[in-house]
Amino acid sequence: MDWNRPGKLLRPNPDWEEDLFLTCVVGPVERARLKAYVEDVKQKKPRKPCYCQDGSPGVAPLMTLNNGRTIPSLGLGTFIGYDYQGVPLPITTYDTRRAVETAIDAGYRLFDTAYKYKNEDQVGQAIKNKIAEGVIRRSDVFVITKLSNNCHGEDAVIPALRRSLQLLELDYVDLYLIHWPVGLRKDGSYDETDYLDTWKGMIEARARGLTKSIGVSNFNQHQIDRIISLSKMKPAAVQIEVNLNIQQHSLIAFCHSHDIAVIAYTPFGSLFHRRAAYGAPPPRTDTPVLRRIADKHHKTVPQIVLRYLVELGVIPIPKSVTPKNIEMNIEVFDFKLTREEKDVLRDFERNYRTRNIKFWKDSPHYPFEK
Ligand SMILES: NC(=O)c1ccc[n+]([C@@H]2O[C@H](COP(=O)([O-])OP(=O)(O)OC[C@H]3O[C@@H](n4cnc5c(N)ncnc54)[C@H](OP(=O)(O)O)[C@@H]3O)[C@@H](O)[C@H]2O)c1
């Protein structure tokens, strides 16, 4: 291996020597440290963390939240998905744990889970394993989990978060989100609790140190505005669907104008043929204009899409359990798209939701267009 090849950060993973060269430019000090790191790994010494140039503990640069805390600008989603009938797939394997461990080795430091995903234990186990190996410290990773729709009562929030922390085997999470504005009772009927009351429970959870930051997910602009106007604390972050087919320019601008970070879920939308619903709008990975942009930057089409989201100023959380995809998805910080390329990508906007929850449309807090 040519350690003196100029200009690129070396990915410290000896299993993929042929494509060790990527991401930001580094100097001789980093080069020497990374070389030592790879040698350590080869000799099976405990792994040491890989630091990005800006001092962040991973590959993705850090962004600052409105409470002064920092969050990596890209993370790993962990929702395993639905079967062909729209039922969440059962968790029968250790895929999530392996994915999170692979991601930590690849330089991810942000992980998104939820009580509903039934894999908080695996996310926690992976983090615990990597701390034990000496790869990370707890403070290096940013863990997000979410409040179940069944726990919207103000007094239900803290017990729900404690349950998640127990599964994660953590003392605190970095961000706790209300998963949906729609509340549900155990029997499936609507719990009409005002989310402003749920939010009071969230504020209390933060005051008790169980979470460093709080936020909401799947709330519309009016609902976020209501929290900002009528509560004593605004969200640090909002998690919404953002991909080429639903770019959310106006909601993103609204959040950013209030200094609220936007986390982009389902960042690939309908990009993959095997995942696109019948009739879902373009593009796909073989759309020629995307292939041309990808070829020009020596990147893949999924990387182009993730880079576009990063340049929109949102935090994509692509899910993958496939090591090569996990590796590739974070390799988006070593190039920039041109204005013309971004215009091409912007044109795929269709206000088309992959996550359609019309079955909740009768809830008083249903967030989307009916
Ligand atoms: N707040 C919410 O209500 C909400 C809703 C939905 C999702 N989320 C969060 O957002 C995360 C991401 O969203 P998502 O899981 O819906 O969809 P996504 O990340 O847009 O897409 C995931 C799919 O893309 C595949 N994939 C990933 N990288 C790839 C690559 N480089 N090349 C080819 N295929 C690739 C994955 O397969 P492999 O695993 O085989 O790579 C998987 O099938 C979730 O996991 C979850 O954490 C939150």
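In which loop is Asn-218 found?

1. Asn-218 is found in the loop between β11 and α6. The structure is a predicted model, and in it Asn-218 has a positive phi of about 65 degrees although it is not a glycine.

2. The strands deserve attention next. Strands of a sheet pair through backbone hydrogen bonds, either parallel or antiparallel.

3. Strand β11 covers residues 211-217 and strand β12 covers residues 237-241. The two pair in the parallel sense over 3 bridges. Ser-217 has Gln-239 in β12 as its bridge partner.

4. The packing of the helices is the next topic. Two packed helices are described by the angle between their axes and the distance between the axes. For helix α5 (residues 195-207) and helix α6 (residues 221-230), the axes come within 10 Å and cross at roughly 60 degrees. An angle from 65 to 115 degrees would count as roughly perpendicular and one under 35 as roughly parallel, so α5 and α6 are oblique to each other. Their crossing is right-handed. On the α5 side, Tyr-195, Leu-196 and Trp-199 take part in the contact, and they meet Gln-223, Arg-226, Ile-227 and Leu-230 in α6. By class, this contact of α5 with α6 has 5 nonpolar, 1 polar and 1 charged residues.

5. Helix α5 also packs against helix α4 (residues 157-168): the axes of α4 and α5 come within 8 Å and cross at roughly 55 degrees. That angle makes α4 oblique to α5. Val-157, Ile-158 and Leu-161 in α4 meet Thr-198, Gly-201, Met-202, Glu-204 and Ala-205 in α5. The residues of this contact of α4 with α5 divide into 5 nonpolar, 2 polar and 1 charged.

6. A further helix pair is α2 (residues 95-106) and α3 (residues 120-132), which pack at an angle of about 40 degrees with their axes 8 Å apart. Helices α2 and α3 are therefore oblique to each other, and their crossing is right-handed. From α2 the contact draws on Thr-96, Arg-97, Val-100, Glu-101 and Ile-104. From α3 it draws on Gln-122, Val-123, Gln-125, Ala-126, Ile-127, Asn-129 and Lys-130. The contact of α2 with α3 divides into 5 nonpolar, 4 polar and 3 charged residues.

7. Which residues are the closest to the ligand? They are Gly-77, Tyr-265, Phe-268, Lys-319 and Ser-320, and 25 residues in total surround the ligand. By class, this shell has 10 nonpolar, 11 polar and 4 charged residues. Helix α10 (residues 323-329) gives the most to the shell, with 3 residues.

8. A last point concerns the backbone at Pro-282 and Pro-283, which are joined by a cis peptide bond with omega of about 10 degrees. Pro-283 has its place in the loop between β13 (261-265) and α8 (288-297).

Definitions and conventions
Residues numbered from 1 in each chain as written. Predicted model: local features only at pLDDT ≥ 70, side-chain atom pairs only at ≥ 80, totals over all residues. Near = placed C-beta within 6 Å. Helix = DSSP H or I, 4+ residues; strand = E, 2+ residues; numbered from the N terminus. Nonpolar A, V, L, I, M, F, W, Y, C, P; charged D, E, K, R; others polar. Pairing = 2+ DSSP bridges. Axes fitted to C-alpha atoms, helices over the stretch in contact; angles between N-to-C directions. Parallel < 35°, antiparallel > 145°, perpendicular 65-115°, else oblique. Left-handed = near helix turned anticlockwise from the far one by under 90°. Contact = placed C-beta atoms within 7 Å.
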